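Open the model in your viewer and follow these stops in order. Each one says what to select and what is there.

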Amino acid sequence: MAIKTVSTTPFDEQRPGTSGLRKKVPVFQQPHYLENFVQCILHVAGDIEGKTLVVGGDGRYYNQQAIQVILKMAAGNGIGRIILGAGGLLSTPAASHLIRKHKALGGIVLSASHNPGGPNGDFGIKFNIRNGGPAPTPFTEAVYERTKIIDSYKILEADDVDFGHTGQFSLGDMQVDVIDPVADYADLMEELFDLPAISNLFESGFTMCFDAMHAITGPYAREILEHRLGAPVGTVIRGEPLEDFGGGHPDPNLVYAKDLVDQMYASQGPSLGAASDGDGDRNMILGKQFFVTPSDSLAVMAANAHLLPGYRQGLSGVARSMPTSSAVDRVADAMGIACYETPTGWKYFGNLLDAGKITLCGEESFGAGSDHVREKDGLWAVLFWLNLIAVRRQSVEAIVRQHWASYGRYYYTRHDYEGIDTAAAEKLIAALRDTASSLQGQSFEGNLLKTCDDFAYTDPVDHSISEHQGIRMLFDNGSRIVYRLSGTGTEGATLRVYMEHFEPDTEKQDQDTQETLAYLIRLANQLAGITTITGRTSPDVIT
Ligand code: G16
């Protein structure tokens, strides 16, 4: 088998976003498009000769074809060994774990996460580094710079290979180990949680529904929940990964996991509802007729981690992305541990986790995780809640309400305006940035705007600076409005507006979220001119 050097020319806009390069499938299907990007990753990764690379994806449309290309390019570029999930499947957290376990050079993960799939849906590719986490910005920017000048790539001339089952084969000089995508990850979960206690919970009649949304976590959830923990068969719904996620939108939120939400709000619904996304790193937690916001979930986890085997030694610190509510800050304060505020994107947690500065971290975008891997981890979060319920023997709602009584409640919402004109979205943010300093110090709806700025972050470990991470408005009553543009969309721009209001009074902790936040919603529109600039009168998705 010969290694071929293929001439190519650069493509416009191969700049990775919040989490890798995400584009429509037909964009990736253009000749050389994927190859160019993979070659640039391998170039920036540096000394790859003879090294091990983990490869897998969420099973979405084009996963198989892309893996064939990646395997041949890896062989053509001197990679020594590939660890590949059978069927080309690996959840993002499982890939992170395998990179760490095998001390691999890194991993190529194929996913567009929560974005829809199918022939006209989204596809994505990202590189995870040696620590198992998403490549940091300097790496992704170097890849982008390289994509602008690439003129050739290397690929092994070989027939397509069969990676449908576990086993080992050679591709040129490279060894390919096709492994069970689930086993290592499931074993890791056994180390972190008290599985016998959770099994007892199920034995005592506890019911749950896990919606895998026809995405990657189906096989993982079936193995862990139904096989290892003895939850009744049928606990996992929509458990077969499908290339188009069954036509659904694999985003575990109140809008896209509607079937699950309906079950949980029915009179005889299960005690715990959970869902995960396309690549298995997000989670949503529901109690009986009760939704746990991701921000609250993180805060509850931080306050209770010491009750679970994997975290009994306590937390070194916690972190949240800037738009995530400040609920976890109050827990950290009470515990006397540090709480870091990072830009949106899991990659910003990597240094803090590696340096041992934090044990737990999370984001409003349905993500939570710990130092067990370097990605957010959907099933891990679900097991965390299960273990917590098994220890405390209380309902989800009771646990959260008790948390609010101790720490206060943050009413929280995110309004997404999807697919808006990119120029209009950029104009809106630029205008806010320009007026930030003059707005600061004024009062709105009776509250003083204490701070209004464009969030910038200095990494406490490598001191790198990330600027323009979102406009923050902090009011003197503890309320907040945040505006930022999504870095994961593939069509036009998505404006995200995040709003929160702090309520310490237990008598006032049972109100409707949107009504409680109405004054901030009004203000957010007015201060940014959302309707005037974008023409939109209401958001597409409210979570
Ligand atoms: C990715 C990142 C997350 C981020 C999320 C939302 O998640 O890993 O850290 O919070 O995107 O990003 P945005 O608001 O820019 O769309 P995922 O699950 O899509 O990989």
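**Stop one: the ligand**

Select Arg 496 and the ligand: an N or O atom in the Arg 496 side chain is 2.6 Å from a ligand oxygen atom. That is a polar contact (a pair of N or O atoms within 3.5 Å; within protein, one must be able to donate a hydrogen and the other to accept it, and residues adjacent in sequence count only if both atoms are side-chain atoms). The protein buries 99% of the 460 Å² that the ligand exposes when taken alone. Accessible areas here come from the Shrake-Rupley method with a 1.4 Å probe; for residues, only the protein chains shown count as cover.

This is a predicted model: local features need pLDDT of at least 70, side-chain atom pairs count only at pLDDT 80 or more, and totals for chains, interfaces and linings use all residues. Residues are numbered from 1 along each chain as its sequence is written, and side-chain values use heavy atoms, without hydrogens or water.

**Stop two: the largest cavity**

Hide the ligand. The space it takes is the largest cavity; a molecule sits in a cavity if more than half of its atoms lie within 2 Å of the grid points. On a 1 Å grid over the protein atoms alone, a cavity is a set of points where a 1.4 Å probe fits but cannot get out; a pocket is an open set with protein on both sides within 12 Å along at least five of seven lines; lining residues have an atom within 4 Å of a point.

The volume of the largest cavity is about 260 Å³. Its lining counts 26 residues; Thr 18, Arg 282, Ser 365, Lys 376 and Thr 488 lie nearest the centre.

**Stop three: the second largest cavity**

This one holds about 120 Å³ of space. Select Gly 20, Lys 126, Phe 127, Ala 135 and Thr 140, the closest to its centre among 16 lining residues.

Conventions. Grid points are joined across faces, edges and corners, and a volume is the space filled by probe spheres set on the points.
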